[in-house]
Amino acid sequence: MDIEIFSKIDNYISSLLAPEDKALSDTIRSLDTEGLTQHSVSANQGKFLQVMMIACNARRVLELGTLGGYSTIWLARALPENGKIITIEVDEHHAKVARKNIENAHLSPKIELKIGKALDILPVLIADKEEPFDMIFIDADKPPYVEYFNYVLELARPGTLIICDNVIREGKVLDENSTDEKVRGVQRLNEMLSQNKKVTATILQTVGVKEFDGMVIAVVNRI
Ligand code: SAH
Ligand code: DHB
Ligand code: MG
């Protein structure tokens, strides 16, 4: 089968169910004009995150890796009136671009953008006894995904949904001898999840307008 079909179908689905408005398309454009990489989730993946949020009644969401705020905008738009997102970004320029995009989308009151390394900020959130999050989206740098996952478990409650982007990496996870630190990072996460009794997890392969990849979908067990 022609793999072009995956992009065509992705566009078919997004034109029906995940059309971008100006704030979202301007956000994607801002990545090019401001020199950021095109690593945002796709429109359909943004819509998928919204569906997951609504399914789990998410009022409080944590995101690791903001980039230009594209996924953050999708997430914030699925929040209820009193909802809130904390999103963490290490790069000051990315954060500046994201702040502008979030303002353009009129979502600033719902989004707290924290600038710093996720591995520094997560322990602070835990020490501050931050109220548990209902949904958590891990999409920062890949090598410490296991550490991120273990930290966010301490910011979760039974029933919290944890989604991790880019865990298949065009199938490179099959290479047991990979020296690519991004691949090794997500391999470690996927293997850790196979042994983890605290969550029930699966991985969805993702195809479409982005590279062939996958997302972990995990829910914190209620026992
Ligand atoms: N979630 C975004 C894409 C994120 S791309 C979207 O879908 O729109 C990954 C982001 O993680 C980049 O902006 C990168 O600067 C950031 N990042 C990399 N290392 C990080 C770290 N240690 N802590 C926090 N953010 C980090
Ligand atoms: C990369 C990071 C991402 O978050 C993504 O969605 C795609 C690629 C990367 O660092 O290669
Ligand atoms: Mg990603």
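This is a short chat about reading the ligand sites in a predicted model.

Reader: Before we start, what are the ground rules for this predicted model?

Author: Local features need pLDDT of at least 70 and side-chain atom pairs count only at pLDDT 80 or more, while totals for chains, interfaces and linings use all residues. Side-chain values use heavy atoms, without hydrogens and water, residues are numbered from 1 along each chain as its sequence is written, and chains are lettered from A and ligands numbered from 1 in the order in which they are written.

Reader: OK, which residues surround ligand 2?

Author: A residue is near a molecule if one of its heavy atoms lies within 4 Å of it. Here that gives His-39, Asp-139, Lys-142, Asp-165, Asn-166, Arg-169 and Lys-182. The shell has no nonpolar, two polar and five charged residues (Ala, Val, Leu, Ile, Met, Phe, Trp, Tyr, Cys and Pro are nonpolar; Asp, Glu, Lys and Arg charged; the others, Gly among them, polar).

Reader: Which side chains make polar contacts with an oxygen atom of ligand 2?

Author: A polar contact is a pair of N or O atoms within 3.5 Å. Asn-166 has a side-chain N or O atom 2.8 Å from a ligand 2 oxygen, Arg-169 has one at 2.8 Å, and a polar side-chain atom of Lys-182 also lies 2.8 Å from a ligand 2 oxygen. On its own, ligand 2 has 290 Å² of accessible area, and the protein covers 78% of it (Shrake-Rupley method, 1.4 Å probe).

Reader: What are the protein donors of the magnesium ion, ligand 3?

Author: Donors are N, O and S atoms within 2.8 Å of the metal (3.2 Å for Na, K and Ca), and water is not among the atoms, so sites may look incomplete. For this magnesium ion they come from Asp-139 (OD), Asp-165 (OD) and Asn-166 (OD1), 2.1 to 2.2 Å away. Their spacing along the chain is D-x25-D-N.

Reader: Are Asp-165 and Asn-166 buried or exposed?

Author: Both are buried, meaning under 20% relative accessible area with a 1.4 Å probe and protein chains only; exposed is over 50%.

Reader: And which residues come nearest to ligand 1?

Author: Of 21 residues around ligand 1, the nearest are Gly-65, Ser-71, Glu-89, His-94 and Asp-139. The Glu-89 side chain has an N or O atom 2.6 Å from a ligand 1 oxygen, and a polar side-chain atom of Asp-139 is 2.8 Å from a ligand 1 nitrogen. The protein buries 88% of the 580 Å² that ligand 1 exposes when taken alone.

Terms used:
A polar contact is a pair of N or O atoms within 3.5 Å; within protein, one must be able to donate a hydrogen and the other to accept it, and residues adjacent in sequence count only if both atoms are side-chain atoms.
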